[in-house]
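The questions below go through one structure, helix by helix and ring by ring. Please keep the sequence and the model in view while reading.

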Amino acid sequence: MGSALDEFSHAVICSFDQAADPQLRSGATSSLEALKHSADAWQFCLQALSVTQEERVKFWCLQTLVDLVKGGRYGALAEHEQAAMRTSLLAR
């Protein structure tokens, strides 16, 4: 994985770790929330899903994609982006 994906994976793992330092966990959670609300979150999540073996990362990515769809942001994507997301998810 690339360094951005490595940092992302570490943030996800830290956010789920109840024993982690509270400040570190809070920073990780804030970073993940910012990513979740970014315009390209869906692309980043699909990329991470394709390379990670870490279950917590997969869970976070899938939950983010569900939130995107339920929150109405999916409808705001271009038709080709919607098709790319569907194709990628169905290929798993």
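Throughout, contact means heavy atoms within 4.5 Å. This is a predicted model, in which local features need pLDDT of at least 70 and side-chain atom pairs count only at pLDDT 80 or more, while totals for chains, interfaces and linings use all residues. Residues are numbered from 1 along each chain as its sequence is written, and side-chain values use heavy atoms, with hydrogens and water left out.

Q: Which residues does Lys 36 touch, not counting residues up to four places away in sequence?
A: Lys 36 has its place in helix H2, where helices are DSSP runs (H or I, at least four residues) and strands likewise (E, at least two), numbered from the N terminus. Leaving out residues up to four places away in sequence, the residues touched by Lys 36 are Ala 41, Trp 60, Thr 64, Asp 67 and Arg 73.

Q: Is Lys 36 buried or exposed?
A: Buried means under 20% relative accessible area, exposed over 50%, and partly exposed in between (1.4 Å probe, protein chains only). Because Lys 36 has 15% relative accessibility, it counts as buried.

Q: At what angle do H2 and H4 pack?
A: Axes are lines fitted to C-alpha atoms, for helices over the stretch in contact, and angles run from 0 to 180 degrees between N-to-C directions. The axes of H2 and H4 are 11 Å apart, and the packing angle is about 45°. That makes H2 oblique to H4, given that angles under 35 degrees count as roughly parallel, over 145 as roughly antiparallel, 65 to 115 as roughly perpendicular and the rest as oblique. The angle asked for is therefore about 45°.

Q: How many charged residues are in the contact of H2 with H4?
A: The contact is made by Leu 32, Leu 35 and Lys 36 of H2 together with Trp 60, Thr 64 and Asp 67 of H4. By class, Ala, Val, Leu, Ile, Met, Phe, Trp, Tyr, Cys and Pro count as nonpolar, Asp, Glu, Lys and Arg as charged, and the others, Gly among them, as polar. The residues of this contact of H2 with H4 divide into 3 nonpolar, 1 polar and, as charged residues, 2.

Q: How do the axes of H1 and H4 cross, and at roughly what angle?
A: The axes of H1 and H4 come within 9 Å and cross at roughly 90°, which makes H1 roughly perpendicular to H4. In this crossing, Phe 8, Ser 9, Val 12, Ile 13 and Phe 16 in H1 meet Arg 56, Val 57, Phe 59, Trp 60 and Cys 61 in H4. The angle is thus roughly 90°.

Q: Which geometry does the pair of Phe 8 and Trp 60 have?
A: Rings of Phe, Tyr and Trp (its six-membered ring) pair if their centres lie within 6.5 Å, and planes under 30 degrees apart count as stacked, over 60 as edge-to-face and the rest as tilted. The structure holds 3 aromatic pairs. In the pair of Phe 8 and Trp 60, the ring centres are 5.3 Å apart and the planes stand at 70°, so the geometry is edge-to-face.

Q: Which residues form one aromatic cluster?
A: Phe 8 is buried at 5% relative accessibility, and Trp 60 is also buried, with a relative accessible area of 8%. Phe 44 is among the buried residues of H3. One aromatic cluster is formed by Phe 8, Phe 44 and Trp 60.

Q: How far apart are the ring centres of Phe 16 and Phe 59?
A: Phe 16 lies in helix H1 and Phe 59 in helix H4, 43 residues apart. Phe 16 is partly exposed, with a relative accessible area of 34%, and Phe 59 counts as partly exposed at 48%. Their planes are at 70°, so the pair is edge-to-face, and the distance between the ring centres is 6.0 Å.
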